[in-house]
Amino acid sequence: MELKRGRPIDHLHLHSSDLAASKRFYEAVLEVLGIQITDGGVYFFADELWVDSGKSATSVHFAFQAADRETVERFYEAGLKAGGRDNGPPGERHYHPGYYAAYLLDPDGNNVEAVYHGPANKSADFIQITW
């Protein structure tokens, strides 16, 4: 099997009903994944993820890539400690062989996943854009 994974989504914008609670949750889970948050006061962002306050919170499912199974497990534990709710503990899933994931509901009910797709060869760990 071959998957073409890049960055097909330019950014994901979430509205939060409690920005402080969302920031605590995302700081905890993204730190495990090695992704830094930038605080803008009335918003925060991390790479392609942008979160601000909104009249009504969004309700979506999205997944972060994890480097290995242990990172998925640390993501799950960090998220629970930071106010996330269990929506599927770390484990093998049926999507394809080697798919190992955990699911958490963030403070607004978004289904946030960390997934490790198993051993694979990547053409690059990331792309870097400068301007």
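I looked up burial in α2 first: T71, V72, F75, Y76, A78 and G79 are buried, meaning under 20% relative accessible area with a 1.4 Å probe and protein chains only. The model is predicted, so I took local features only at pLDDT of at least 70 and side-chain atom pairs only at pLDDT 80 or more, while totals for chains, interfaces and linings use all residues. I number residues from 1 along each chain as its sequence is written, and side-chain values use heavy atoms, without hydrogens and water.

Next I asked what covers these residues of α2. The cover includes α1 (19-32), β5 (61-65), β6 (85-92), β7 (100-105) and β8 (111-116). Helices here are DSSP runs of H or I with at least four residues, strands runs of E with at least two, numbered from the N terminus.

I checked the length of α2 (residues 69-81). Its 13 residues should span 18 Å at 1.5 Å a residue, and the end C-alpha atoms, 19 Å apart, agree with that. The expected span is 1.5 Å times one less than the number of residues.

Then the ends. D68 caps the N-terminal end of α2, with a side-chain oxygen 3.3 Å from the backbone nitrogen of E70. Just after α2, G83 has a positive phi of about 100 degrees.

I turned to β7. Six of its six residues are buried. Y100, A102 and L104 lie on one side, A101, Y103 and L105 on the other.

Last, the pairing, which needs at least two DSSP bridges between strands. β6 and β7 run antiparallel, joined by five bridges; R85 stands opposite L105. β7 and β8 also run antiparallel, with six bridges. Y103 has E113 as its bridge partner in β8.

Notes:
Buried < 20%, exposed > 50% of the residue type's maximum accessible area, 1.4 Å probe, protein only. Contact = heavy atoms within 4.5 Å. Polar contact = N/O pair within 3.5 Å; in protein donor to acceptor, adjacent residues only side chain to side chain.
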